[in-house]
Amino acid sequence: MKDKIVLLYPSYDGPALGPPLSLLSLASLLLESGFRVSILDSAVEPDIEASLSREIPESLCIGISFLTGPMIRGAMALSQLARRLKPDIPVVFGGWHPSLLPDQTLESDTGDILVRGQGERTLQEVAICLREGKSVESISGTSVRRGGETIHNPDRPPASLNSLPSPAFSLANFDAYESLTGKRELPYASSLGCPYACHYCTDQVFYERKFNAYSASRVVAEVTELVARQRLSDVALLDSNFPVNVRRAVDIARGFLDSNIRFSWTFQASTDLLCRMSDDDVCLLGESGVTHMGFGTESASEKVLALMNKKHQLIEDMFET
């Protein structure tokens, strides 16, 4: 019985941040269900074609996650390569671009199954059905092609992050990324979603303006353990808006500081949320290792901010912060 799933991350512009967190998150539930999982990241694979050729003979399916932009070409190329190597291999697409444009993505005829939105439980169900020889055509959270038409099954509600296992960091090759970038960095998401409704942002589409977060104690325990075990120097929080819950953000910073495990960390936030912090809170962030905070200062025009539905964003906050 085939029980291997190969997860692929196409090449993209810009430096590699670290192991692809999306694939590590998908892998954790697959491992719990008894699958073997191989992760191939084009950023660090010296010969992605040779690696896929080696992995695919025993594979049940392959999964490719990608964003809108140049990654689309890489995803299509990897799918076509997989089908040349093993014509009957099911190809599963996921990630932001397939989720936003499922019809367009499946019309390319390079994928068989499309996983929309938060994909951990959906991909787990797809893989189990494939292993058991069952149909995957009616699984919630998927889109499939049938008779030349795209069929969209009902959405799968987002799962609480605290109900999901931790990403499978044991599969990450931090040495490979250090060789490429010169530092040992961990991409980590302590939360999903944001309560704001900026017109350009995809978060409100999939996370319904809900802040879906790990507890502060879980973040502190997990990050500090990974930093110590993997000898990491940097942690990049990928949260859309890290300090939505200001007290939680401060508790995480205090936990990092009290752990006596030293590392640099970064996050992104709305300026209005930082303005809710006291001077002591901001100093605590620096003492805990924060070296960079990314802010969205999209415009100094009240009219433009209104068009973007950024009612929470005040010009005086953006330029006084």
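Predicted model: local features only at pLDDT ≥ 70, side-chain atom pairs only at ≥ 80, totals over all residues.
Let me begin with D272, which counts as buried because its relative accessibility is 7%, where buried means under 20% relative accessible area, exposed means over 50%, and partly exposed lies in between, with a 1.4 Å probe and protein chains only. D272 forms a salt bridge with R276, and the closest N and O atoms of this pair are 3.5 Å apart; by salt bridge I mean a side-chain nitrogen of Lys or Arg within 4 Å of a carboxyl oxygen of Asp or Glu. R276, in contrast, is exposed, with a relative accessible area of 53%.

Residues are numbered from 1 along each chain as its sequence is written, and side-chain values use heavy atoms, with hydrogens and water left out.

How many salt bridges does the structure hold? There are 16, and one of them joins the side chains of R36 and D3, at 2.8 Å from N to O. This pair links distant parts of the chain, 33 residues apart, since R36 sits in strand β2 (residues 36–41) and D3 in the segment before β1 (4–9); helices (H or I, at least four residues) and strands (E, at least two) are DSSP runs, numbered from the N terminus. R36 counts as partly exposed at 38% relative accessibility, whereas D3 is buried at 19%.

Another salt bridge is formed by R218 and E222, whose closest N and O atoms are 3.9 Å apart. Because they are four residues apart in helix α9 (residues 216–230), R218 and E222 are separated by about one helical turn, and both of them are buried.

Let me turn to the nonpolar interior. A nonpolar core is a set of buried Ala, Val, Leu, Ile, Met, Phe, Trp, Tyr and Cys residues joined through side-chain atoms within 4.5 Å. Which residues of the largest core touch the most other members? Of its 82 residues, these are L7, L8, I62, I64, Y188, V235 and W265, and helix α1 (residues 21–32) gives the most to this core, with seven residues. A second, separate core has five residues, including C194, C198, V244 and L273.

If we leave aside neighbours within four places in sequence, I64 is in contact, meaning heavy atoms within 4.5 Å, with residues including L8, P10, A75 and F93. Counted in that way, A127 is in contact with I5, L30, F35 and L60. A127 has its place in helix α6 (residues 120–131), and it is buried, with a relative accessible area of 1%. The C-alpha atoms of A127 and N212, which are 85 residues apart along the chain, are separated by 25 Å.

Is T105 buried or exposed? T105 is buried, because its relative accessible area is 5%. Its side chain reaches the backbone oxygen of L101 at 2.7 Å, and, with neighbours within four places in sequence left aside, T105 is in contact with F66, F93, H97, P98 and L114.

How values were computed
Polar contact = N/O pair within 3.5 Å; in protein donor to acceptor, adjacent residues only side chain to side chain.
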